Each structure stands twice: as structure tokens, then as C-alpha cells.
Amino acid sequence: MRLLLVEDEAPLRTQLAQQLEQHGYAVDCAGDGREALYQVREFDYDLAVIDLGLPVIDGLSVIRSIREQQKRFPILVLTARGRWQDKVEGLEAGGDDYVAKPFHIEEVLARLNALLRRSGGFASPLLEFGRLAIDTAKQEVRVDTKAIEFTAFEYKALLYLVHHHGQVVSKTELTEHLYDQDFDRDSNVIEVFIGRLRKKLDPDQTLKPISTIRGRGYRFELASAADV
Amino acid sequence: MFNRWLLRIQRNLQQISAPNSIARRLLMASLVILPLYLAATGWFFARSFEASQLSSAHDRLRVQFYALLGAVEFDAEGIKVGTHIGDPRLRQLNSGLYAVVQHPQGELLWQSPSSVGLDLNQQLLATDNPPHTGVERFDTFVDTIPLARFQYQTVWETDDGEDMPLVFTILEDQTAQRSELRAFLRELWFGLGSAALLLTLAQAIILRWGLQPLRQLAHDLTDLEQGHRAALPEHYPEELQILAANLNQLLQREQQQRERYRNTLGDLAHSLKTPLAVLRQAASNTTPDRTLLDEQIQRMDQLISYQLQRAVLSSPHNLQQRLLLKPLVDKLVSTFAKVYFEKNPGFTVAIAEDCECRGDEADLLELLGNLLDNACKACKRSISIVANNSERWLLIAIEDDGPGIAEDRRAAILQRGQRADSYAPGQGIGLAVAVDILDSYGAELDIGQSALGGARFSIRWPAR
């Protein structure tokens, strides 16, 4: 998941970016509002974490401007001031949830997780697709109650496909949303990973969770229990 | 260079057009208005004096005419005027009163002895333009001397039964009247001029006297600023007393606010010492206990939020604006709908569109935000917010269908919040903040049992 982190305090930004990366996000950072708006125009994000007190262009204006550009990705508002007025303003401007400083990284991760689920149309942290179940809180994947071990990257790839279930996801899109900006796009690593995912999820080829759409990309085919 | 010069001129002009002093403004205004007023008065008086002069000359000449008319006799030689009747001045050479009787065609029939020395020219007698029969004509003009002229044409029946038209002309020298008018004007302008001077002087004195309290106020304010006095005295005239009282109130509030900031800062500094001490202790350990650190950090965070909230609580309560409650609650509800997206509590809001609340928006958002946050946490699926305006109170009730609050805990919740020190770590400060806000507005909070099954927080907010 590609995430934009907008925070002007460099130490906090670096630390938070590191922690988010450790938890599987591809993180881009911006130190002020103008930079943030530039990044939003240039790249496609799945999530944003935006501090309200930003130099150059303040956080509220950044959020408003993002929404005016019809960008729908979830925004988590960081606020140093814990007053309800600030929170209400942040959410009115177009934020989706808030975390007050100082925060635990666990709380930020939980909120981001919830926001992602919400934007993917899932209500609970447990995503169920028939025999396949993904617990996004614990980062566990089960098929027929049997736990399957994934590497962090495999899990990320699976989750991205799951969040866009029923849609065709191109290789480029997958690369962009899973890796940091400087990743070499020519590699066929994605194909390898998808192959491994299929093998692990569906060793006997009865589930067929991911199909290849020739020339366009991949599609997660299973229907969510919540959709039925 | 030129620009700067232009700017200076402009500034000077502005200073001239609106002097930066009330006294100077009033004085300048009266310096414009007073001369105009006095000139108009003078003009009016001069005109009416002149008019009355003319009208009395007219009357006098008419009387002379009637006297002359009575004295005219006809005989075979022509007209005769009885010398016994009429003004003696008519018989005295160059007396200033002259009479002439002539034929409308210009033939001179009779002239008073006084007019013998007079050059009875055509202009003097208006021979080319005699008055119509039976119509008086009166005018003034300057020949060699200023003259008033009365003319009348009448038809005289002679003894032969013939009708004979006659034009009577009475002339009066106006030199005396002219000099009388000049003397009057001199006196008038002198009088008005001195009045203007006196009035201006009087006004300057009145202004000085009238604006004295303002100067006093400025002086007192300087004293206040320099710390020679704590409040403004109460001896100002009525108009300023209100201002002084307001200023005093403002000062007092500012004083209170400063006091509160000082107390808050003191409290904050004091209350942060304990967790800091714990942290320092922990830092000297080789393997710091993360839970301990967390607890202390959380505690410090809460202390800071709580004390800051207390400090910014708006205090000048009679300067509060009226707020519409419904949009405020709607804002909060849409916020909570986002924050508690997964729990998705159902909100029932029953507030009239015109329901008003007096207070600071930030305070109300904080109060209702904290209570609604608690309700969202506690509820199973529904929350209701009801507000009603009565004459003295605005009643707001927030209810949920959660587990409710046991009766023995209710009083404790309401009493919390006097000092943030007394909080156990991990305890939310939301309710404490809410209680503080309610206290500062003189509002009341009551915790009870909701018909929905959970807790019911009832607020009684003063309506004025």
C-alpha cells in the first residue's frame, strides 16, 4: 500500500516512516503542505497521514485541496491539539479519522488498517472469502482454518489484490503501490510473487483465487462473505 | 523621491481635512459655520432695514402728495397751489423735498419753490414714461444726489367741465437716509463681528471645559499603564462612566485571565514534576520498563491537554455570542460517524433548527464532543441527543444504550476534575474537561439512567 506521510517535524517523520515501512507500507514523505500537494498530484496513493500544523500550506487546506481534486483515498489526521474543535475541523475538511499526538505506533497502524478496510468495503478486520480468511489485525492468512506463512512482501501483494477484489490490477500498479519510488520497474519479480502466492494459497488448484488477465494484469476472484 | 513627497503632502492634507483632535474638529467646524451664519444674519438685517427705510419714504411722499392734491386749485391762468397748505420745506429753496405738477406730455404746469434750483430734467421727472392714471409709482435712484420719487397721474376736472390729466411728482433727497443706513450697517457689522469673536472664544472655553474629563481619562489611563493605579476612578461624567466601567471590567477580566494562566502554568509545571521524576529514574535503568515509560508519557500528555483546556476556557462570559446548537451537533455527529465507522452507532438528534445556545463554539464542541465520545464508546448501537429551550435553561440530554453508570459511581465522576493530579493514568480526561467547562458557564450536569438502557447525561445550560 502506497502511503503519503506529511509531517513537518523531521525526527517524528523519519521515525514514523520507518515504522510504517516495517509494517508493509510503501511510504513517501512530505515536510510541508506544498510538497504534499505536489506528491498527491504526481502519484497515486492508497492512504495519507497528514499533520494539521504544517508550514507553507496548513494541513486543513491540504486536505481540502486533496478532496477538491476528487482524490478519494483515506486520510488519517494527526493533530497536536486534542480539542474537539480541531478534530471536527480536520474531519469536516475531508479527513477520515484522527490520531492525537503523542500517539503509539500501534494506534496509528490500527487506524490505518481500519481505514484501508473501510475503503476496500470491508467492515471487520477479518476478511473472509469462502475458504480463505485474512485477519488484517494479526496479519494471518488461513485457508480452511489452516494457517499459511507469507513473507511480508507476499502478504502486501495479496492484501492489495484483496482490497481491489473484482478489479484488474496491472503489474505497474502493483509495483507502484508495493515498492518505494526507486524500485526497478522492469524486473519480473511481480510475476514470481504472484506465482508463489498462487502456490501457497491454492496448492491443489481448486480455489483459483487470482486469475491473470492477459496483457492487463491480475484479478482477485473470490467473493467476499460481506458482499453476499 | 517624488512619491515620498506626494505621500507627505497627502498626509498633510488628511491632517488638515480631519484634525486628530476633537476640540480642534469642533472649533474648526464652528469657524466655518459661525461666519456663514453671521453673514446671513447681517445681510438679512441690512435688507430689512433698507426695506423699512424705503417703505417709510414711500409713506411720507404719499402723505405729501395727498396734501399737495388738496392744495391744488385751478383758475384761468392755470394751476395754483395754496401756499398755506403743504410742507414748509416745499417753499424753501433746496430743502430736499420737491414737488412738480406737469402735463403727461411733459409741459411743466407747476413746481414748488424749493425745486427752483433743481435741474428738472427728463430723467428726474420720467417725462417719457409717465405713470398710468390712478397708479402710484415709487422708486429711488441717484441723480446728482440720491432721490426717492413718488409719481401719480390723476385727471382733474376744470371749472369748464374739461378733463385735464395731471402728473404729480414728489422728490425727496435721500442723502440723510443713505448715511443713516451706512451708520446702521457699520454698527451691525461691528456688533456681529464682536459677537463672532466672543462666541468663538466662549466655544473654545466650553470645549476645554467639556473635554476636560476626556483629558482626565487619558491621564488616568497613562497612570494605569504605568502602574500608579489598579483601576479607573469612578468620578467621570455619565457618558464616560460607562466606558470607564467597561474598561475596568475588561481589566479585571484580563487580570483574572492572567491569574488563571499563572495558576495553570504553576499547576502544570508542578504536576509534570512527578512523571518527570519517574522518567528520570527509569532512564537511569539499563533496561527501561516500556510500560512504565508509556504510562508516564500518557500521564504527561493528559496533564498537558487538561491544563491547557482549563487555561483556554473562554472566561468573559457576557461577551459570548449566540450559537445555533443544531449545526454544532450535526458537525459532531458526522465526525463521530467517521471515527466510529466500524461500530456505526445510530444517532437520533432531536434539536429544533432555531435552538440557541450562549457560549463559545470551541467550549461547546469540547463539552459535547467529550460526552458524545463517551457515549460512542459505551453504546451498543444507538445514541440520542435531545435539546429543549426553556425560559431559563437550555436542556441537553445525551443518552446511550450501553451498560450505563452505576449509581455509586455517578457522584465521583461529577466531582472529578478539580485537579488533574488526582487522575490515575489511563483514565480519560474527557469528563473532567466537560465538568470544568460546565462549571465555568454555571451549567449543571446530571447523570442518570436512560430509557435506552444506558447512561443519560443531562446538561442544564443557562439561557442568559
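Residues are numbered from 1 along each chain as written, chains are lettered from A and ligands numbered from 1 in written order. In this predicted model, local features need pLDDT of at least 70 and side-chain atom pairs count only at pLDDT 80 or more, while totals for chains, interfaces and linings use all residues.

Q: Why are β10 and β11 of chain A called edge strands?
A: Strands pair if DSSP finds at least two bridges between them. The sheet is open, in the order β10-β12-β11 (chain A), with antiparallel pairing. β10 (168-169) and β11 (210-213) of chain A each pair on one side only, so they are the edges.

Q: What makes β11(A) and β12 of chain A a pair?
A: Four bridges join β11(A) to β12 (residues 217-220) of chain A. The cut-off is at least two, so they pair. In β12(A), A:Phe220 is the bridge partner of A:Ile210.

Q: What share of chain B counts as buried?
A: Of its 464 residues, 22%. Buried means 20 or more other C-beta atoms, placed from the backbone, within 10 Å of the residue's own.

Q: Why does a low value matter?
A: Where pLDDT is low, the predicted coordinates should not be read in detail.

Note on methods: Buried ≥ 20, exposed ≤ 12 C-beta atoms within 10 Å, placed from the backbone.
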